[in-house]
Amino acid sequence: MSNGSYFQRPLRTLDKHNKGINRLAWSPVRNELASTSFDRSILIWDLTDRSPFPRIRLEGHRDWVSSVAWSPDGEMLASSSGDNTVRLWNVHQEQSVGILTGHGRTVFDLDWSHATNALASVSGDGSVAVWNPYTADLIALMRGHSGAVYSVAWRGDGRTLATGSEDHSIRIWDVEAGQTRRVLEGHGGAVYALAWSPDNELLASASADYTIRIWGRRTTVLEMHTGIICDIGFSADGSFLASKSLDGTVRVWRTDTWECVSVIDELAARYWTAGLAFHPKQPVLATLGFEDQMIRVWKFDPARLRDAIPVETVVRYTNAKVVLVGDSGVGKTSLAEALCERPFRETTDSTHGRQVHRFHSEETFQENVSEQREILLWDMAGQPGYRLIHQLHLNEVVLALVMFSVMGDGDPFTGVRHWDRALKHAELVRGHSHVAMQKFLVAGRIDRGGQGVSRDRIELLLEKLGFNGYYATSARDGYNIPELASAIRNAIPWDQLPKVNSTRLFQRIKNYLTGVRDDNHLLHTIDQLYDTFAFHNEDIVDQYPDLRIQFETCISLVESQGLIKRFSFGNLVLLKPEMVDAYASALITAARDEAEGLGLISEKEARAGNFRMSEDERIDNKEEEELLLIATIEDLIKHEIAIRDEEEEGKVNIIFPSQSSRLYQSKPPEPDANTTIWQFEGAVLNIYTTLLVRMWNTGRFQYRDNYENAAFYTTANGTQFKLFLFHTDSGEGELQLFTSGQDSAGTRTYIEEYINVHLLRRALPRSVKRRVVTVCGNCGTVMNDTIVRKRLQMKKSWLNCPVCDNRISLVKSTGKLVARQSFVRQQMVTRLDQDVEAEQQKQMLATSLEGRRKLGEFDVFICHNHQDRLSVTRIAEQLTHKGVLPWLDLWDLRPGDDWEPAVRNQLKRVNNVAFFIGLNGIGEYQLRELQFALMYEAHIIPVLLPDAPRRPDIPITLAGRSWVDFRDQNIDPLQHLLKGILGDQNGNDQLPLV
């Protein structure tokens, strides 16, 4: 792919950093460029000077420097670092003039507002801080992201801030209020970079999902990169956008057509922090070259670049997501099939999981570009066990069909109200990132019972809940089906929906991947899918040397739409990801029905499929079913719905903390001085579930009792917590936290703060209200909570104590108060988050390794003398905790297996062999294993155990090889062994290695 003559030879090449370079930033007033590096320095280059050396070198950070920002007058610099600090530099004095501290993890990015002079910084601890850099005062500290925050950008007004996170979302903040204004969702990976257009009308975001999103009146998605996108930036006049990717290219896009008009080939390193920067006034672009070891400065002609022929022909794709929801048994599946013009089938069993149907597809030409439009109809199961799962799939809905049945007793609209609330909450959480959702009320099966409900009652419901239309249907005889189908097509606001600018090749691959979803085979390896695609598309195999890379990119893109799912093991792709929902729901139901009401199921029973599930839902292939169940358990842990708990005796349970069916027999205690109360709105059960899971995963709380909507904990120092959930069907929830026991005050502070931050992350923006129970400061009497609540509802800010007549001030605590919290509380939350993330990763890793073990994907063969079993097993366990799967006969050789064929089979498949020598020397079987390993040309790593003799008896075949020595404590022998097994994959996890 040629980049024409636009970026053939750089104007300057700058290469005086000692390690890889991260971000670049131009001075707003002088022709100077600042660069940051892993060498802990900041260099400032004067581009008016032809000297190859930087004008200034700034040093002082104790770890790598991640980003840099100039003050509006160009007199100062701010830099962020892996040492958790922000440093302020006086450029003329060439020295640090201040350090901003408080973040609990790496400060990944920062931006200086040219409108207000405020400085914003974001951190791996999930926080967003706004500072006065001249006084070092903290103006605001904002929480809301549920993962590390990697990018930040001020809008030109100085009041609006955008941040991008590991949680795949972008938050737009009202800095004065200290609150989230809206949430932008759509990326399928971490958001690594943000940039506002010069006119402040557009926000561009770059992601680990290989795409760029342009947020404005209409969202545009740019697909062409085949690697993680590290950085983006607009040219000074707003005519171009540049993007840098780990695929080894920088692409330049026209912002009027969003066509790629040039490609700069740059061999990239493996770090997502690599950047680029347009000059703020001139047609100059600075990029990184040679694995991000040097800076290249390019001058370009905007007029010629604007008239350039696009690198590839753009193919546009627009997708509309329509969901069909309703309670179980109302006839959703029959209706979905009728809408898709399939023959009517009499069904008696309820459909489980979700079915995705291609309802409508057409090709049009818009703005002289071919545009493929597609409506996907998602049929969502209605059983209660799915409610935790379905909340994960109600994003980006354009139209919802809310269905009810006229048959049966009771209120036919009960389910309608539930689904209407779920849809509203999903729309509110995503903010204004998408077109407004429309809703149709649909009556099903009217051939069996007529209309059943008066028209007046229906009209009242339509008005009250804001439905856009009503349709009475019969899938059996086709009544109103064509009319409903036409209404669905006409309701899609195509011009407002996100437009995906892609390539013909990408579209061809994606059509293939969505087409094979109907295949009878459930699981395929990526190799199998690629080979089949290449076989049927021989005409393009030679045309695209990187076809395999482009194919795997499209797998990621289709997965982000929820149409396929990759497993973390086996290189496997699940063509029908709705099966994960079906098995997840069955596991949740099994835990709910557990005899003692503890809300759990043993992992052994779960993986074996020993739980109630309709046979027509199950996968016939038991091997595939176990692999699917392993992936399902991993997914439940990832989404913080379940916990993998290893008991001391070796038994493993999958626990669903919110699924306890035990009823609390006593009446909840009355609020007192040690009670904190939160009110919030949103998907209450999901919010409560994830809170319980995260509290468990901190490792700091031990369950004493768990009930339906109540959980009791105790800590090591004896502090006791009682957490009660009260909620209504309207989507409003209330949490009450009661604290008692010794040292409760200190412990209470951080658990209160943790709950508060959790609600700010998960509940509807601005709905969280926290208050501490009111106590008379004069006589100590606890005020009646009902009275306090009513006074607040009446806008009364005080009441008189009924005992001593003392006037008591009532202060309503809101999210705004949290925005001004101190960094001390912030760091408490950070420490708990770190504990949660570590435990969650440990559980997910253990589950993923079980999948790899099932498929025989071992990383290293453990060759040892059985007399050294204890110490070797201990090292093998340490390897598994690092994500390395060892083959150890004690674990993986089944009783009754013939030893020699089993060992030979594994040595044929495993690339690495760890050959252990300890006090007991080399065993007879161990020596034979070594001979087999040499025969199969395995990579053999000699390892000396801690008790190995000073002069061990080394086999002559291993002479001259480097050893891993567990006797030497001056190095980390386990890390040394990992390097021998993984090679270059074993990176320094303190750096942002991808």
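Visitor: Are α14 and α19 roughly parallel or roughly antiparallel to each other?

Guide: Roughly antiparallel. This is a predicted model. To judge a helix pair, take the angle between the two N-to-C directions. Over 145 degrees counts as roughly antiparallel. Helix α14 covers residues 622-638 and helix α19 covers residues 823-855. Their axes cross at roughly 170° and come within 9 Å. That angle is over the cut-off, so the pair is called roughly antiparallel.

Visitor: Which residues of α14 and α19 make the contact?

Guide: On the α14 side, Glu623, Glu626, Leu627, Ile630, Ile633, Glu634, Ile637 and Lys638. On the α19 side, Gln840, Gln843, Met844, Thr847, Ser848, Glu850, Gly851, Lys854 and Leu855.

Visitor: How do the residues of the contact of α14 with α19 divide?

Guide: Into 6 nonpolar, 5 polar and 6 charged.

Visitor: Now α20 and α24. At what angle do their axes cross?

Guide: At roughly 65°, with the axes coming within 11 Å. Helix α20 is residues 869-881, and helix α24 is residues 973-982. The range 65 to 115 degrees counts as roughly perpendicular, so α20 is placed roughly perpendicular to α24.

Visitor: Is the crossing of α20 and α24 left-handed or right-handed?

Guide: Right-handed. Ile875, Gln878 and Leu879 of α20 make the contact with Leu974, Leu977, Leu978 and Ile981 of α24. Sorted by type, the residues of this contact are 6 nonpolar, 1 polar and no charged.

Visitor: What span should helix α12 have at 1.5 Å a residue?

Guide: Compare the expected span with the distance between the end C-alpha atoms. Helix α12, residues 578-592, has 15 residues and should span 21 Å. Its end C-alpha atoms are 21 Å apart, so the two values agree. Of those 15 residues, 13 are buried, so α12 is mostly covered.

Visitor: And how many residues has helix α15, and how many of them are buried?

Guide: α15, residues 684-697, has 14 residues. From first C-alpha to last, α15 reaches 20 Å, close to the expected 20 Å. Of its 14 residues, 12 are buried. Among them are Val684, Ile687, Tyr688, Leu691, Leu692 and Met695. The buried set also includes Asn686, Arg694 and Asn697.

Visitor: Where is Phe290, and what is its phi?

Guide: Phe290 is in the loop between β27 (284-289) and β28 (294-299). Its phi is near 50°, a positive value in a residue other than glycine. Phe290 counts as exposed because its relative accessibility is 54%.

Visitor: Where does Asn709 lie?

Guide: In the loop between β43 (702-707) and β44 (710-714). Phi of Asn709 is near 65°, also positive in a residue other than glycine. At 25% relative accessibility, Asn709 counts as partly exposed.

Visitor: Last one. Is Leu376 buried or exposed?

Guide: Buried, with a relative accessible area of 5%. Leu376 is in strand β31, residues 369-380. Not counting residues up to four places away in sequence, Leu376 touches Asn319, Ala320, Lys321, Val322, Val356, His357, Arg358 and Leu563.

Note on methods
Residues are numbered from 1 along each chain as its sequence is written. This is a predicted model: local features need pLDDT of at least 70, side-chain atom pairs count only at pLDDT 80 or more; totals for chains, interfaces and linings use all residues. Side-chain values use heavy atoms; hydrogens and water are left out. Helices (H or I, at least four residues) and strands (E, at least two) are DSSP runs, numbered from the N terminus. The expected span of a helix is 1.5 Å times one less than its number of residues. Buried means under 20% relative accessible area, exposed over 50%, partly exposed in between (1.4 Å probe, protein chains only). Axes are lines fitted to C-alpha atoms, for helices over the stretch in contact, and angles run from 0 to 180 degrees between N-to-C directions. Angles under 35 degrees count as roughly parallel, over 145 as roughly antiparallel, 65 to 115 as roughly perpendicular and the rest as oblique. A crossing is left-handed if the near helix is turned anticlockwise from the far one by less than a right angle, and right-handed if clockwise. Contact means heavy atoms within 4.5 Å. Ala, Val, Leu, Ile, Met, Phe, Trp, Tyr, Cys and Pro count as nonpolar, Asp, Glu, Lys and Arg as charged, and the others, Gly among them, as polar.
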